[in-house]
Amino acid sequence: LLLTGRAPGFGISSTQALNAAGLRDHERTSVSTIIFAARSHLEFVVRAQEAGVGVDVFVHSWNPEAAALIDAQYGEHLVLSAHERPPLSGVRDKAYSHALSIGRAALLARHYERAAPQRRGVAYRLLFAVRIDLVFGRPVRLRLFAPRRITLATRCCAGAVKAERERASFLRACAGRIAPRRGVSHFARARLEPCSAGRLMSASSAYARAQPGVSRAFYVLDWWLAAPSDDLVTWAEVVADRAFYECAGRALGIKMMWGHLLWPLHIHEALGATSRIAFSSAVLAEIARLARPHKRKASGKANGTRLAAGWVPGAPKTTRVGHCMAIVHGGKQLLPEAILATPADARREAAIVGLPERFAPMARMCPTLLAPEAVRAPVPCC
C-alpha cells in the first residue's frame with residue numbers, strides 16, 4: 001500500500017493546501033483528516049485481506065510538519081516513509097506533484113525489496129497507490145487486481161440529480177438525503193445520473209478542443225491505481241519530462257493538466273501500456289473532506305469538527321464512487337464486476353463507447369455501457 005500526496009487541512013482540497021499562501025502549517029494540515037483516512041486504510045486494506053496475503057505500508061507525503069503523526073497511524077505495518085516539502089506548489093503543478101509523490105513512494109518499496117536482507121530475492125506482487133486522504137467504505141480485496149495490469153477505477157456514476165422524477169430512485173438507492181428546496185448539491189455528498197460515458201468522459205472543462213472520442217481515452221479517476229512496481233516508479237520521471245506531457249496535452253487540446261489527464265497520457269504515450277489497462281469497480285472510496293459532514297463559518301471557510309461518536313472506521317457518510325444499481329437481465333443481476341470479467345471484444349467495445357480502436361481498453365471504464373443491448377437503459381447510480 002503506497003500512501004501518497006498531500007493530506008490537506010479539513011475542508012480544503014489538497015490543491016488549496018499546496019497553494020495556500022499565508023496559511024501556517026497547522027492550518028494546511030488536518031489531524032482529524034489524517035486519522036480519519038488512516039483508520040480506513042488499516043481497516044479496509046491492510047487488515048482486510050484473506051489468509052496468506054500480507055500488506056506492507058509505504059508513505060510519501062508533502063506533509064513534513066505531520067511526519068510523526070502520519071507514521072504513528074500505521075504502527076507495525078509501516079515499512080518506510082518520507083515526508084518532504086513540496087518542490088512544486090502552483091495550481092498548474094498539482095498533477096505533477098502528485099505523480100512525483102507516487103513515484104517516490106514506489107521507489108521506497110523498490111528500495112526495501114532490494115536492500116532489506118530478510119526480503120532479498122522477494123518482490124511485491126502488486127503496488128496499490130492511494131491518495132493519502134482517500135477514505136475507503138468497504139474492504140479492498142487486492143487479489144482481484146491482476147499483477148501485471150495497470151488497474152484503474154471505473155467511473156460512470158457521477159453527476160447531479162436534476163430531474164424531479166429521479167429523486168425517488170436516488171432516495172431508494174443512496175445513503176444521502178435530499179433537503180427540501182436544495183435538491184442535490186456538491187455538499188449533499190452524493191450524486192446521481194444515468195450512466196453516460198459521453199457526459200462523463202468528454203465534457204471535461206480541461207479540454208479546449210479534441211478529436212471526437214479522443215478525450216474519452218485521456219480521462220481517468222486519479223484517486224488510486226494498482227500496478228507493478230516497474231510501472232509505478234516511472235511516475236517519478238514525469239516532472240523531469242514535463243515538457244513532453246505539456247506538448248502532448250496541447251496536441252489534444254488540454255487546457256489544464258490535471259491528474260485525471262496526466263495519468264492516461266503517461267500510460268498511453270510514455271509507457272505504451274494501453275493494452276495492459278484494466279478497470280475495477282471493487283473499490284468504494286471518497287476523498288476525506290467529502291466523505292464526512294463539516295460545519296462552515298459565515299465566511300465560507302471550513303471549520304473542522306471532531307469525529308462523530310459511533311463512527312464506523314472508514315465508512316463514508318455517502319459516496320460518489322461505487323456500484324451502479326444491479327441491471328437485471330434474464331432473471332440475473334449484472335453487476336459491473338461481472339461485466340468486466342467477460343472476455344474483451346475490442347472492436348465492439350470501442351464502437352459502443354465511441355473510442356478509436358487503439359484505445360479500446362478505455363471503454364471498460366464504464367462497464368454498464370457494455371451490457372447486452374436489452375439492458376443498457378439508463379440506470380440510477382450512487
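Me: What makes up the count of helices and strands in the protein chain?
Reply: The chain comes to 14 helices and 13 strands. Both are DSSP runs numbered from the N terminus: helices are H or I over at least four residues, strands are E over at least two. Keep in mind that this is a predicted model, where local features need pLDDT of at least 70, side-chain atom pairs count only at pLDDT 80 or more, and totals for chains, interfaces and linings use all residues. Residues are numbered from 1 along each chain as its sequence is written, and side-chain values use heavy atoms, leaving out hydrogens and water.

Me: How do you know which parts to trust, and where does pLDDT stay under 50?
Reply: pLDDT is the predictor's confidence in each residue, from 0 to 100. The protein chain averages 74, and 63% of the residues score at least 70. It stays under 50 over residues 170–204 and again over residues 378–382. Where pLDDT is low, the predicted coordinates should not be read in detail.

Me: Why is T234 called buried?
Reply: Buried means under 20% relative accessible area, exposed means over 50%, and partly exposed is in between (1.4 Å probe, protein chains only). T234 has 12%, so T234 counts as buried. T234 sits in the loop between α9 (229–232) and α10 (242–252). Across the protein chain, 55% of the 382 residues are buried.

Me: And why is L271 called partly exposed?
Reply: L271 has a relative accessibility of 27%, so the label is partly exposed. You'll find L271 in the loop between α11 (259–270) and β8 (277–280).

Me: What does L271 touch, leaving aside neighbours within four places in sequence?
Reply: L271 is in contact with I150, D231, T234, W235 and H266; contact means heavy atoms within 4.5 Å. D231 is 40 residues away along the chain, yet the C-alpha atoms of L271 and D231 are separated by 7.9 Å. T234, for its part, touches H266 and L271, again not counting residues up to four places away.

Me: What makes α11 "mostly covered"?
Reply: Of its 12 residues, 10 are buried, including W263, P264 and H266. The buried residues of α11 pack against α5 (94–115), β6 (150–153), α8 (214–217), β7 (224–227), α10 and β8. Just after α11, G272 takes a positive phi of about 60°.

Me: Why is α10 called roughly perpendicular to α11?
Reply: Axes are lines fitted to C-alpha atoms, for helices over the stretch in contact, with angles from 0 to 180 degrees between N-to-C directions. Angles under 35 degrees count as roughly parallel, over 145 as roughly antiparallel, 65 to 115 as roughly perpendicular, and the rest as oblique. α10 and α11 pack at about 100°, with axes 11 Å apart. That makes the pair roughly perpendicular. Their contact involves F244, Y245, A248, G249 and L252 of α10 with L262, L265, H266, E269 and A270 of α11.

Me: Then how do you know whether α3 is roughly parallel or roughly antiparallel to α4?
Reply: Helix α3 (residues 31–46) and helix α4 (residues 67–74) have axes that come within 9 Å and cross at roughly 25°. That makes them roughly parallel. V31, I34, I35, A38, H41 and L42 in α3 meet L69, I70, Q73 and Y74 in α4.
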